[in-house]
Structures are given as structure tokens and as C-alpha cells.
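Open your viewer and get a cartoon view ready. We will go from the whole chain to a few single residues.

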Amino acid sequence: MNELIKVNYENVDRPTVSGRELWEALEVKTAYKDWFPRMCEYGFSEGKDFCSFLSESTGGRPSTGHQLTTPMAKELCML
């Protein structure tokens with residue numbers, strides 16, 4: 001890993017990172033759509049630990065993305 005994951009500071013009180021960027025950086029072999037719900041089974045909840053959004057469509061079905069709080073991202077890295 002040569003680069004750090006970009007931290008989003010739009011909400012100064014609650015910085016976030018992209019779930020997909022974290023997934024790529026961790027080099028997870030499982031597809032993101034399968035990996036993320038499995039990680040949520042560790043007790044993370046939407047609205048508190050992460051927010052979901054739909055990405056812009058590039059001709060196909062839009063994919064679901066997530067903005068994770070930095071504490072959640074840290075926990076996922078330690079798993």
C-alpha cells in the first residue's frame with residue numbers, strides 16, 4: 001500500500017472515509033457487495049457508524065457506496 005486513504009472532512013465533527021476505498025486498500029478478495037454486509041454483523045449501524053448512498057450510474061445499475069466513520073474504518077482494518 002503506497003497511498004493513504006483519503007479522509008473526507010465535509011462534516012468537521014465526524015470525518016469519514018469511503019468504504020470502497022478501504023475495501024480496495026485492504027485487498028479483500030470478497031466482492032464489496034458481499035463483504036460490507038458481513039462487516040456490519042460486527043455491530044455497526046447505519047446513521048451512527050456509516051451512511052449509505054447510491055453512486056452515479058454509468059449505464060448500468062447504480063452501486064451502493066458507504067461513508068464510514070474513522071472509528072469504524074479503524075475497527076475494520078484491525079479485523
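What share of the contacts in the chain with a separation of 6 or more comes from residues 24 or more positions apart? Such residues account for 45% of them, a contact being heavy atoms within 4.5 Å.

A word on ground rules before you click. This is a predicted model, in which local features need pLDDT of at least 70, side-chain atom pairs count only at pLDDT 80 or more, and totals for chains, interfaces and linings use all residues. Residues are numbered from 1 along each chain as its sequence is written, and side-chain values use heavy atoms, with hydrogens and water left out.

**Whole chain.** Colour by secondary structure and you will find three helices and four strands, in the order β-β-α-α-β-β-α along the sequence. Helices (H or I, at least four residues) and strands (E, at least two) are DSSP runs, numbered from the N terminus. Along the principal axes, the C-alpha atoms fill a box of roughly 35 × 30 × 30 Å. Of the 79 residues in the chain, 28% are buried; buried means under 20% relative accessible area, exposed over 50%, and partly exposed in between, with a 1.4 Å probe and protein chains only.

**The core.** Next, select Trp35, Phe36, Phe50, Leu68, Met72 and Leu76, which have the most contacts inside the largest nonpolar core, a set of 14 residues. Such a core consists of buried Ala, Val, Leu, Ile, Met, Phe, Trp, Tyr and Cys residues joined through side-chain atoms within 4.5 Å. At least two of its residues come from each of α1 (19–25), α2 (32–40) and α3 (70–78). The largest share belongs to α2, with five residues. In soluble globular proteins, nonpolar side chains tend to be buried together.

Now centre on Met72. Beyond its neighbours within four places in sequence, Met72 is in contact with Phe36, Phe44, Asp49 and Phe50.

**The loop between α1 and α2.** Move on to Glu27, which lies in this loop. Is Glu27 buried or exposed? Glu27 counts as exposed, because its relative accessibility is 59%. Check its backbone too: phi of Glu27 is near 55 degrees, a positive value in a residue other than glycine. Most residues other than glycine have a negative phi.

Ala31 sits in the loop between α1 and α2 as well. With a relative accessible area of 35%, Ala31 is partly exposed. To finish, draw a C-alpha to C-alpha distance from Ala31 to Gly47: they are 16 residues apart in sequence and 23 Å apart in space.
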